[in-house]
Structures are given as C-alpha cells and as structure tokens.
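Please have the sequence and the 3D view open as you read.

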Amino acid sequence: MTDIDPALRDEIDQPPAWMYPWELGEGTTTPISHPELPDVHRTRLELLEGPVRQALSAAGPNARVIDMACNEGWFSHRMLEWGASYVLGVDVRDRVIRRAELLRAHCGIPEERLQLRCADVFDLNTAELGTFDVVLCLGLVYHLENPVGAMRIARALTGGICVIEAQLTTQHEPIVLGNGVSDVYEESPASYAARVETDWESDMLASVGGVVSLTPNRAALLQAAGAAGFADLEVARALPGHNRQYVLGDRAVLLAFPTHRGGASSSLEAH
Ligand SMILES: C[S@@+](CC[C@H](N)C(=O)[O-])C[C@H]1O[C@@H](n2cnc3c(N)ncnc32)[C@H](O)[C@@H]1O
C-alpha cells in the first residue's frame, strides 16, 4: 500500500459513510455506515469462499470474475487475492466507483486486472461481455424492482458459478391470491415485499432513486434463480457463529450453477 493520496483522504473525511472498513495504513480505517457490516461481510465471505475458490482454481490462470454492484470493490479485491486474473466491477453509483478507483490505486492493483465501470446492471451487454468463471451478485437483487431480470442477466454471464446473496422476508407461509374467477383462490409459496428506499441519496448501499425494491422470500429467491436458468442451486448453510441474519434465514447466500454438478454435493438443500 502507498501513502494515502489526498483525493482518497478527502473521500474519507467526507460523508457518506463507507460500506467496508478499509484499513489503509497510517492508522486510517474508512468509517462505515453500520457496526454490523463487518460481521455480515465476514459471514458472506466464509459462506462463498470454498465454492468460489474451487471455480477459480478449475478455471486456471485466466479466471475471470464479474462483481455486479461492486460498491467500493471489497469482494473484487478478495477475488484477485484468491487467484482471479481479471475482475470487472460494476456499480450504478459514480461515487462508489470513484472510491473503488482510489482504493485500487492505493492497493497498487493494475487497472487491467480490476476494471471498474459505472453502469446499471440492466444496461450490461451480456453478448459483448461473454461469460465469467465467477459471477458475484451480492446484496443487489433486493434493491431492484426487477430482481428476476437481474438474475437472468447474472445467468447469461455465468460460466462457472454465480453467488446470489440477498435479504429475505420472513414470509414462510404461502400467500393467497385470486386468478380471475370469483371466490376461487390459489396459494403461492413465493412472494416479495415492496418498499421504496427513501435514503438512497445518503446511503451508498441502497437502491437508486425511484426504484420500488422487491425483497424475495426464500421460495421466491429459489424460484427466480431456477426461472433464470440456473440448473443447480444450493443455499450455503450458515453455522453458529455466523452473522445472526444468516443463521435465522433473514439473509441467504445462494450458490447457483448453470449445469448440474452431479455427485452427492449437488445439494439441493434448496428444494
Ligand atoms: C447493499 S450494496 C451491495 C454491495 C456489494 N455487492 C456487497 O454485497 O458487498 C448494493 C449496491 O448495489 C448498487 N446498485 C443498486 N442498484 C443497482 C443497479 N441497478 N445496477 C448496478 N448497481 C446497483 C448500489 O449502488 C450498491 O453499491
């Protein structure tokens, strides 16, 4: 790491708060927006590390990763440490991409290894981008009004593994709905909670303005991933000691594969 660049120092000294507590040397750590975040990051990292390292290793020295909604790029950095040769980080917020660029320079990472793009995931040209050995779709789908569409994009980009991590609702019972005939109802196990994130200007973790964020329940997350074309789904099992949200099932890390892995590990705790 180099000395802290004045532009990076300015970013640290001004709001909004950061998503990750970057230790930058000189006794400086970036101020984060909530004290629970490091435990959430640690838990997600532990839940995805084994299968992601396996996919990177299987891909060999030219392993490619896309980090959809990379924010400041903390998970992108982990991918490079774990052996990816190239990571593309995408986020809709120019502020977090600016921070990611400053951190890339601070950590001495070559631009050709970590490319950063300010873009909406729905504007990605999947045909042009091709497939990636690892697709990270962490903390994104519940900030979108089209979470299923985002998973379709993630599927189109996935060559090896896609990790979809999301907040979930506590709706475990089916919801009841009509379907065009009076007094006739059906039940759906899959449902979403709708909310508008009013703090989107100050909170760098939020949706972008005007979006109605749809948070799935567990059944809806699995349904969407299946509909997007992932053939093999496994919800990574949270263990005691992991962040409580994952232990309770209020958040989940979903490992999604484009083809069946075969063998005993081909889970489906998911179903
Ligand atoms: C909760 S943060 C997750 C960051 C990171 N992926 C993680 O899980 O640590 C949500 C991120 O999604 C980004 N985001 C929201 N809507 C987006 C969109 N349509 N396209 C790309 N990024 C988006 C936000 O700017 C924010 O950085």
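## A cut-off to start with

A residue is called buried under 20% relative accessible area, exposed over 50%, and partly exposed in between. Please keep in mind that this is a predicted model.

## V184, in a loop

Let's begin with V184, which has a relative accessibility of 45% and therefore counts as partly exposed. You will find V184 in the loop that joins strand 6 (175-178) to strand 7 (185-188).

Leaving aside residues up to four places away in sequence, V184 touches L177, G178 and N179. Y86 sits 98 residues from V184 in sequence, and the C-alpha to C-alpha separation of the two is 54 Å.

## H143, in another loop

Next comes H143, in the loop between strand 4 (132-138) and helix 6 (147-157). Its relative accessibility is 10%, so H143 counts as buried.

The H143 side chain reaches the backbone oxygen of L205 at 3.1 Å. L205 is also one of the residues that H143 touches, once residues up to four places away in sequence are set aside; R195, E197, A206, S207, V211 and S213 are the others.

## T158, in a strand

Our last stop is T158, which lies in strand 5 (residues 158-167). T158 is buried because its relative accessible area is 4%.

From its side chain, T158 reaches the backbone oxygen of A154 at 2.6 Å. Beyond residues up to four places away in sequence, T158 touches T131, F132, V135, F230 and P258.

Methods: Residues are numbered from 1 along each chain as its sequence is written. This is a predicted model: local features need pLDDT of at least 70, side-chain atom pairs count only at pLDDT 80 or more; totals for chains, interfaces and linings use all residues. Side-chain values use heavy atoms; hydrogens and water are left out. Helices (H or I, at least four residues) and strands (E, at least two) are DSSP runs, numbered from the N terminus. Buried means under 20% relative accessible area, exposed over 50%, partly exposed in between (1.4 Å probe, protein chains only). Contact means heavy atoms within 4.5 Å. A polar contact is a pair of N or O atoms within 3.5 Å; within protein, one must be able to donate a hydrogen and the other to accept it, and residues adjacent in sequence count only if both atoms are side-chain atoms.
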